[in-house]
Amino acid sequence: MSILAVRDLSIQIGAARPVDGISFAIAPGECFALLGESGCGKSMTALGIMRLLPAAAQVTAGSVEFEGGDLLALPESGMRDIRGGGIGMIFQEPATSLNPVLTVGRQIVESLELHSPLRGEAARRRARELLDQVGIPDPVRRLDEYPFQLSGGLRQRVMIAIALAGAPRLLIADEPTTALDVTIQAQVLDLLDELRRQQGMALLLITHDLGVVARMADRVGVMYAGQLVEEAPRRQFFSQPAHPYSVRLFAALPDANRRGGRLATIPGSVPSAEARHEGCRFVERCSEVMPACRASPPPWREVDGGQRVRCFLPGLPPSVAAIVGAGETALAIEPRPLLEVADMQVHFPIRRGILQRVVGAVRAVDGVSLQLKPGRTLALVGESGCGKTTAGKAMLQLIRPTAGSVLLDGVELTMRSTSELRPLRARMQMVFQDPFASLNPRLRIGDIIAEGMQALKVLKVGAGDTAAMIGALLEQVGLRPDMADRYPHEFSGGQRQRIAIARALAVSPQLLICDEPTSALDVSVQAQILNLLSDLQAELKLAYLFITHNIAVVDYLAHEVAVMYLGRVVECGSADEVLRQARHPYTQALLAAVPRVDGLRSEVPKLAGDMPSPANPPAGCHFHPRCPLADEGCRRSYPVETRFGATHVVRCFKAT
Amino acid sequence: MGLSVQPVLLWSDALLFVLIGVIVGLSLWARRQDALRAAWARVLKDGVAMAAATVLAVFVLIGLLDSLHFRARLPAQAGAAASYAVEVNSALDALLSGLRQRTEKTYSAPLATHLYSKEALENSTQREFPRLKHGGAHLGENTVGKLVGHELDIAVRLSRGLAGGLALWLLLVAVVRQANGLDLRALMKVGAGGSAKSAAGGAVLITLLAIFLLLGAAISLGGGYHVFGTDKVGQDVLYLSLKAIRTGLLIGTLTTLVMLPAAVSLGILAGYVGGWVDDLIQYVYTTLSSIPGVLLIAAAVLMMQVVIDTHPDWFATSAERADARLLALCLILGMTSWTGVARLLRGETLKLRELEFVQAAQAFGVGRFAIMRRHILPNLMHIVLISLVMDFSGLVLAEAVLSYVGVGVDPTTISFGTMINTARMELAREPMVWWSLAAAFSFMFALVLAANLFADAVRDAFDPRSSA
């Protein structure tokens with residue numbers, strides 16, 4: 001007997017059909033994961049179940065049965081009892097899903113008063129219990145705090161507490177950890193898992209992250225273009241994915257084994273929700289196409305042991321030949337570093353009072369030293385707020401460092417004026433995180449790419465050659481030259497990121513600072529961009545400073561890794577040294593927190609708590625409040641560098 | 001032989017034509033911008049917006065006709081050089097010369113045949129309502145001196161006018177049908193867009209029907225009567241109302257023309273450059289906006305009036321003097337009203353400045369002003385446009401208020417404000433004279449309502465959140 005049964009649910013928005021005939025069931029206490037890339041209809045399915053669809057959308061067919069009753073037939077007043085009471089929901093962005101002007105306690109009590117007879121002091125006591133249950137330290141004080149006083153992880157815990165207030169039998173979690181750091185993500189996932197076991201609550205988990213699925217799910221449903229294409233128990237799904245799309249999703253994941261090789265990509269893009277399909281929806285991107293695929297939609301086929309797939313292919317699809325790289329390419333490494341950063345600091349003053357006196361400083365970057373050689377990739381890793389983006393911008397002199405030196409090919413940058421820097425700007429460029437914010441929507445692609453060439457006067461030839469150069473650049477990043485006349489809004493996220501890369505390449509830089517260039521992209525698109533970056537490096541001998549929080553990408557791409565915590569580099573060395581033989585407890589915890597696709601759990605204890613504020617860092621070693629090994633010495637003074645081998649440097653007293 | 005008229009280009013005319021040229025240029029440019037074209041296409045599909053635009057277009061047409069100024073040639077003496085009248089008239093004056101010249105002695109009610117107050121008649125000791133010189137002059141009298149067929153005449157003229165308007169409209173519809181016969185089929189192919197577009201077309205046609213009916217009735221009745229009565233010195237109130245349209249339009253548009261460069265450049269500078277530049281600009285506009293607006297304007301207008309009065313030699317005609325005063329008023333209103341837009345643009349610039357495409361430009365070493373011009377300004381244009389259209393109606397109303405207080409346009413300039421100002425006395429009379437206030441009110445109401453409805457539609461079309 002299932003607690004939730006969705007049958008043939010279809011949702012229509014105008015001519016588009018974001019959800020087109022979805023059926024699945026969830027048993028009590030089970031965790032079912034809906035997996036898919038952005039735009040495949042996952043969230044719309046969840047909103048359809050809760051009947052919270054936007055005004056323009058409507059359910060055109062199907063039924064949603066919750067504990068035997070049809071939700072779609074309920075009157076709105078009945079539905080209100082189900083929402084929160086029967087089915088709870090938590091959303092992706094904890095910053096916007098709490099009301100900023102009400103205290104945390106008020107918001108939990110509100111939910112309690114709706115779904116339970118508790119009032120007044122009793123409700124408040126229950127709210128405290130709930131906060132305690134979701135693992136918020138000092139719950140009595142937190143009850144009277146406002147959401148802005150809480151960190152992202154705590155806010156998501158409060159969201160979960162509110163969802164639990166109605167004692168729901170089913171919890172829908174829509175990308176619950178996408179906006180959180182890995183260490184916090186691990187905490188929240190553990191919490192959800194524990195609550196599920198304790199209360200026998202079913203969980204519908206919506207995510208795009210295979211690692212999260214491997215960590216949490218009992219069963220997995222893979223969505224593609226508004227339909228489920230595969231449904232399987234977790235173990236089977238991860239050991240033998242049955243749909244070509246699932247197989248390719250796995251192949252697109254970057255990891256160390258594929259280092260130096262190319263990632264498998266899925267050609268093309270997800271068909272638009274307005275498209276009408278004759279046959280299989282994946283047919284345009286599939287490598288195993290048969291004539292039958294185009295003629296009619298494939299029926300469900302049992303593989304075995306509860307695994308079903310919508311594919312005509314008999315048996316399992318061949319695994320995609322993931323081109324295993326030769327490991328490190330034996331490049332002749334030049335001895336002289338291209339970029340040399342020594343003791344760089346970026347402090348932002350905190351001003352208070354009428355006279356705006358400086359009362360302190362946010363030490364965003366507090367003494368960072370790095371070296372990067374030509375043609376190599378250095379990954380700067382750390383959680384959000386650790387200062388890695390600020391460090392990247394300070395190296396480019398987009399933010400002026402407060403102290404320290406930045407040498408580019410032996411030339412000191414920090415002392416130069418804006419006009420003196422201009423000739424050097426052609427040698428270092430940046431690729432930004434958000435491909436939707438990094439291109440001016442009012443300029444044509446050609447003008448965007450030409451901007452740097454004009455500003456830096458790289459062009460010494462006539463205008464006809466500009467167009468030719470832009471065309472060549474577009475081809476270099478895998479776009480067509482005739483796209484130069486279009487505007488950014490006509491392109492997808494991955495294409496926009498290619499344009500951003502072409503813009504940076506236009507001035508032929510030697511150093512490219514990539515600030516989370518793939519974090520806004522889907523897995524299959526991420527693989528395309530990573531392939532492009534490694535091709536360009538091989539071709540142009542570019543040096544990359546790769547700023548990211550994605551350890552898998554680092555493992556695939558980086559030659560050297562530097563781990564940042566609260567404005568300082570705590571460990572750096574070659575990728576193998578840092579990722580395989582991590583010495584710093586923070587690095588170890590960071591690596592352990594990454595959910596692994598193979599579902600293995602590591603032995604290293606997970607980190608508790610959040611990163612302290614850079615305005616007020618702890619005395620001694622910054623990491624000691626969260627460190628399991630900390631002792632008196634760690635509290636007193638900041639650790640000096642300890643060297644292990646020629647390149648591996650760790651700042652920890654306990655490192656051995 | 002010279003021309004029979006000498007064209008006169010007042011400063012405000014010149015600026016108005018420049019403004020129209022700029023608008024035409026901008027719309028040609030906007031046609032090539034995909035995003036702008038899509039937004040304007042949404043406005044074009046909005047029935048209410050298109051009806052409002054039709055009404056606005058009629059007002060603009062009247063205002064433009066009133067901006068073609070000339071001096072008529074006087075009957076020349078033989079041998080003497082051609083000389084021109086001192087009075088400056090406009091094309092609208094020429095069109096409405098009947099209305100303009102048929103002045104009565106003093107107040108008369110709408111469509112009346114007699115004056116509004118009794119006067120001692122010649123050859124009589126009795127005080128009577130004297131006959132009007134023009135209103136209903138064609139009506140015959142019976143033996144007792146009573147007018148014959150006044151009501152009947154009005155009814156006949158009214159129905160004739162309405163019929164004329166209807167006929168003209170039907171003709172127009174037929175012409176449109178004929179032309180659209182091809183168009184409709186083309187629209188069918190495009191698909192769903194066709195129905196919305198034809199709905200907007202219907203709204204335009206219905207608005208035009210109302211306008212034609214009113215126009216027909218006004219022309220037909222105006223031939224024999226004063227449709228809105230006459231004012232204290234016997235001028236036709238309908239004529240005054242039509243003349244006031246130009247003043248309102250000028251104030252609404254030229255003020256924004258004056259204000260815009262300051263508002264845009266200061267707003268962007270404050271937001272992008274920051275630091276002491278931001279402090280200075282913020283200081284200026286907080287100071288400006290903390291002085292009561294009317295007070296500031298009154299002080300400026302009074303100073304300007306003194307300057308104009310002490311230099312009578314600057315102006316060849318009284319029309320030029322009135323025009324200078326009107327322009328000065330636009331300038332003063334503009335100098336005091338840029339703060340709102342500048343503040344809005346500063347806030348938006350602060351947001352844009354942090355976006356990655358601006359940082360990318362900085363990473364290329366693109367200069368500050370180039371970034372402001374290429375990256376900031378184009379992304380602010382929708383806000384500028386929205387606030388322009390929204391401000392227009394506010395400025396038309398502001399003129400009325402200022403003229404009412406006595407610090408507005410030159411007393412010889414006909415405007416809604418001056419009409420309302422004189423109505424102050426008229427309403428205090430017994431019996432009350434209500435028609436000039438009513439006429440000014442209904443014309444201004446139509447103009448401002450149309451502008452507001454149009455502004456709403458423009459805002460909706462350009463608001464990224466409301467576009468599906």
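**Entry 1: chain A as a whole**

What percentage of the 656 residues in chain A is buried? I looked this up first, keeping in mind that the model is predicted, and found that buried residues make up 47% of chain A. I then went through the secondary structure and noted 21 helices and 24 strands in chain A. The radius of gyration of chain A came out at 26 Å, close to the 26 Å that the globule rule gives for 656 residues, so I wrote chain A down as being as compact as a globular protein of that length. Taken along the principal axes, the box filled by the C-alpha atoms of chain A is roughly 75 × 65 × 50 Å. I also checked the contacts in chain A between residues at least 6 apart in sequence, and 67% of these join residues at least 24 apart.

**Entry 2: confidence in chain A**

Among the elements of chain A, the highest mean, 93, belongs to strand β3 (residues 31–35), while the lowest, 83, belongs to helix α15 (residues 463–476). One stretch made me careful: over residues 324–328 of chain A the pLDDT is below 50, although this stretch has 11 contacts in the model beyond near neighbours in sequence. Where pLDDT is low, the predicted coordinates should not be read in detail.

**Entry 3: the four-stranded sheet of chain A**

I turned next to an open sheet of four strands in chain A, which has the order β2-β1-β4-β5 and antiparallel pairing. Strands β2 (16–26) and β5 (69–70) of chain A stand at the edges with a single partner strand each, so one side of each is left without a neighbour in the sheet.

**Entry 4: the eight-stranded sheet of chain A**

I also traced an open sheet of eight strands in chain A, with the order β18-β19-β20-β15-β21-β22-β24-β23 and mixed pairing. Its edges are β18 (428–431) and β23 (642–644) of chain A, each with a single partner strand, so one side of each is left without a neighbour in the sheet. From one strand to the next the twist averages 20 degrees. Looking at one pairing within this sheet, I noted that β22 (residues 568–574) of chain A and β24 (residues 648–650) of chain A run antiparallel and are joined by two bridges. Here A:Cys572 stands opposite A:Val649 in β24(A).

**Entry 5: where chain A touches chain B**

How many residues does each chain bring to the contact? I counted 22 residues from chain A and 16 residues from chain B. On the side of chain A that touches chain B, α13 (418–425), β18 and α14 (445–455) of chain A each supply at least two residues. Sorting that side of chain A by class, I recorded 12 nonpolar, four polar and six charged residues.

**Entry 6: chain B and its Trp434**

For chain B I listed 16 helices and five strands. The C-alpha trace of chain B spans about 95 × 65 × 55 Å along its principal axes, and 35% of its 468 residues count as buried. Among contacts in chain B between residues at least 6 apart in sequence, 71% join residues at least 24 apart.

How does B:Trp434 count, by its C-beta neighbours inside 10 Å? There are 16 of them, so B:Trp434 counts as partly exposed; a buried residue would need 20 or more, and an exposed one 12 or fewer. I also noted that B:Trp434 and B:Phe228 are 206 residues apart along the chain, with their C-alpha atoms separated by 9.9 Å.

Conventions
Residues are numbered from 1 along each chain as its sequence is written. Chains are lettered from A and ligands numbered from 1 in the order in which they are written. This is a predicted model: local features need pLDDT of at least 70, side-chain atom pairs count only at pLDDT 80 or more; totals for chains, interfaces and linings use all residues. Two strands pair if DSSP finds at least two bridges between them. Axes are lines fitted to C-alpha atoms, for helices over the stretch in contact, and angles run from 0 to 180 degrees between N-to-C directions. Two residues are in contact if their C-beta atoms, placed from the backbone, lie within 7 Å. Ala, Val, Leu, Ile, Met, Phe, Trp, Tyr, Cys and Pro count as nonpolar, Asp, Glu, Lys and Arg as charged, and the others, Gly among them, as polar. The radius of gyration is taken over C-alpha atoms; the globule rule is 2.2 Å times the number of residues to the power 0.38. pLDDT is the predictor's confidence in each residue, from 0 to 100.
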